[in-house]
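Here are a few notes to read alongside the model, written for someone opening it for the first time. Have the viewer ready and go through the points in order.

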Amino acid sequence: MKFTTLMLITFVIIAMVESFGEVAQSCVVTELAPCLPAMTLTGDPTTECCDKLVEQKPCLCGYIRNPAYSMYVTSPNARKVLDFCKVPFPSC
């Protein structure tokens, strides 16, 4: 539980810092917070997670290119979540 909390806090802090940089308004990494447990631990993602992944699909390449987010989006669990939600892994 501590690990998930730490990861969520890290996600939020990075998103807040990045919000002052060059980020498209529609790409808000904190929108993927419902996916964090499935991406960092195990288990099936929630419907909310899948909905958010579909919404954030155009942003995935940007997240992959960002070293702060890349490890979350390209991890084996993240790929399983993308497959489960029927969101193809982007070819950037």
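This is a predicted model: local features need pLDDT of at least 70, side-chain atom pairs count only at pLDDT 80 or more; totals for chains, interfaces and linings use all residues.

The points below go from the core to the rings and then to the charged side chains.

1. Start with the inside. The largest nonpolar core is made of 20 residues. Met39, Leu53, Leu60, Tyr63, Val81, Cys85 and Val87 have the most contacts within that core. As for where its members come from, helix 2 (36-40), helix 3 (47-56), helix 4 (60-65), helix 5 (67-73) and helix 6 (76-84) each contribute at least two residues.

2. What does Val81 touch, leaving aside its neighbours within four places in sequence? The list is Ala38, Met39, Pro45, Cys49 and Leu53.

3. Now the rings. Searching the whole structure turns up 1 aromatic pair. Tyr63 and Tyr69 make that pair, in an edge-to-face arrangement, with 5.7 Å from centre to centre and 85° between the planes. Both tyrosines, Tyr63 and Tyr69, are buried.

4. Another ring to look at is that of Phe89. The charged end of Arg79 sits over this ring, 3.7 Å from its centre.

5. On to the salt bridges: the whole structure has 2 of them. One joins the side chains of Glu31 and Lys52, at 2.7 Å from N to O. This pair ties together distant parts of the chain, since Glu31 is in the loop between helix 1 and helix 2 while Lys52 is in helix 3, 21 residues apart.

6. Lys52 also forms a salt bridge with Glu55, here at 3.8 Å from N to O. Lys52 and Glu55 are 3 residues apart in helix 3, so about one helical turn separates them. Put together, Glu31, Lys52 and Glu55 form a linked network of salt bridges.

7. Is Lys52 buried or exposed? Its relative accessible area is 18%, so Lys52 counts as buried, because the cut-off for buried is under 20%.

8. Last, have a look at Ala33, which lies in the loop between helix 1 (2-18) and helix 2. With 25% relative accessibility, Ala33 is partly exposed. Ala33 and Lys52 are 19 residues apart in sequence, and their C-alpha atoms are 8.8 Å apart in space.

Note on methods. Residues are numbered from 1 along each chain as its sequence is written. Side-chain values use heavy atoms; hydrogens and water are left out. A nonpolar core is a set of buried Ala, Val, Leu, Ile, Met, Phe, Trp, Tyr and Cys residues joined through side-chain atoms within 4.5 Å. Buried means under 20% relative accessible area, exposed over 50%, partly exposed in between (1.4 Å probe, protein chains only). Helices (H or I, at least four residues) and strands (E, at least two) are DSSP runs, numbered from the N terminus. Contact means heavy atoms within 4.5 Å. Rings of Phe, Tyr and Trp (its six-membered ring) pair if their centres lie within 6.5 Å; planes under 30 degrees apart count as stacked, over 60 as edge-to-face and the rest as tilted. A charge sits over a ring if NZ of Lys or CZ of Arg is within 6 Å of the ring centre and within 35 degrees of the ring normal. A salt bridge is a side-chain nitrogen of Lys or Arg within 4 Å of a carboxyl oxygen of Asp or Glu.
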